[in-house]
Amino acid sequence: MSITRVGIVGSGIMGSGIAEVAAKSGYEVVLRSRRQETADATVAGLEKSLTKQVEKGKLEEGERDKVLARVTATSQLDALADCQLVIESVVEDLATKKDLFRDLNHVVGDDAILATNTSTLPVIEMAMETHRPQQVGGIHFFNPAPMMSLVEVVRPLSASDETIAAARAFAESCGKTPVEVKDQAGFIVNALLFPYLNNAVRLLENGTATREDIDAAMKGGCNFPMGPLALLDLVGLDTSVAILDALYDEFRDPNYSVVPLMRRMVTAGQLGRKSGKGFYDYHR
Ligand SMILES: NC(=O)c1ccc[n+]([C@@H]2O[C@H](COP(=O)([O-])OP(=O)(O)OC[C@H]3O[C@@H](n4cnc5c(N)ncnc54)[C@H](O)[C@@H]3O)[C@@H](O)[C@H]2O)c1
């Protein structure tokens, strides 16, 4: 079955980015938020981002209008009925995602593929909520989705080769480079990245160095484009804690055990860029 219409559920950092990527790649996109105002605001944000690209000479004006015309914003799950592929990108919480997969299973056609953008959670748990576990997989984009070239295609035990091939082909059609990985917490990138990020917070908490010096050290010493604390602010501290908790649940490795400071910051609403304050302050 060929994919022409893609549903995206969740319009946070990642859902909005994936919608932009898919619409720019020629797909009809149905973007679903729980509230219509949020869905509309996300499309307005997309228009702003595309207009900036036009102003910088990176996108033709006509192309911007075509991309926007491909995107529909909705609060109704039923509006995803004609999508051949739905990618969920809601909060990193297994119970929420399982409920969503159960509902999506009844909304989309029998041939449709359901995918999750989870960073760490077991894809098999979502697959088994549906009557089509062979047509469920992970399509894991990176942040910011329009800029990052990697997509991890996650193969739960239940997935068919056809589903994995379709997920790979979709990622490639979006100009991304897919890698295939087993359904194991953190997949490749986050399993390797998060102990590093967590330990950077530990250095800050211990007073080993200032936030600026920790970030400057990893940029200058390892040639990383961003320091770890700035990267945590970009990812979102709530999402980062959820990722580390899922990794710790699976492996019981102390490197995955969330540093207390980070959990306290989440409780304080200091989530990083999206809330205006994290390890650094952001003017909104
Ligand atoms: N932030 C990253 O760097 C990053 C990178 C790759 C993948 N991811 C994954 O993408 C997914 C979304 O993360 P994000 O960073 O976009 O988070 P976000 O906080 O920006 O957005 C979360 C979205 O989920 C919605 N939501 C919250 N509770 C919900 C509920 N009970 N039911 C339905 N929707 C609900 C919110 O309204 C919001 O639209 C997560 O699975 C995360 O692990 C995140």
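The shell around the ligand is made up of six nonpolar, ten polar and four charged residues, where Ala, Val, Leu, Ile, Met, Phe, Trp, Tyr, Cys and Pro count as nonpolar, Asp, Glu, Lys and Arg as charged, and the others, Gly among them, as polar. The model is predicted: local features need pLDDT of at least 70 and side-chain atom pairs count only at pLDDT 80 or more, while totals for chains, interfaces and linings use all residues. Residues are numbered from 1 along each chain as its sequence is written, and side-chain values use heavy atoms, with hydrogens and water left out.

**Ligand site**

In total, 20 residues surround the ligand, and M14, E92, K97, S119 and V235 are the closest; a residue belongs here if one of its heavy atoms lies within 4 Å of the ligand. At least two residues of this shell come from each of α1 (13-24), α4 (94-107) and β6 (136-141). These elements are DSSP runs numbered from the N terminus, with helices (H or I) of at least four residues and strands (E) of at least two.

Three of them are tabulated below.

| Residue | Protein atom | Distance to a ligand oxygen atom |
|---|---|---|
| S11 | backbone N or O | 3.2 Å |
| G12 | polar backbone atom | 3.2 Å |
| K97 | side-chain N or O | 2.8 Å |

The protein buries 81% of the 830 Å² that the ligand exposes when taken alone. Accessible areas come from the Shrake-Rupley method with a 1.4 Å probe, and for residues only the protein chains shown count as cover.

**Individual residues**

L31 lies in strand β2 (residues 28-32) and is classed as buried because its relative accessibility is 1%. Buried denotes under 20% relative accessible area, exposed over 50%, and partly exposed the range in between. Beyond its neighbours within four places in sequence, L31 has contacts (heavy atoms within 4.5 Å) with residues including I8, S11, G15, A19, V43 and T74. Between the C-alpha atoms of L31 and K182, 151 residues apart along the chain, the separation is 28 Å.

N190 belongs to helix α7 (residues 189-205). With a relative accessibility of 5%, N190 is therefore buried. Leaving aside neighbours within four places in sequence, N190 touches S119, H140, P195, I243 and L247.

D93 sits in the loop between β4 (85-88) and α4. Its relative accessibility is 33%, so D93 counts as partly exposed. Although D93 and A242 are 149 residues apart in sequence, their C-alpha atoms are 7.4 Å apart.

Technical notes
Polar contact = N/O pair within 3.5 Å; in protein donor to acceptor, adjacent residues only side chain to side chain. Buried < 20%, exposed > 50% of the residue type's maximum accessible area, 1.4 Å probe, protein only.
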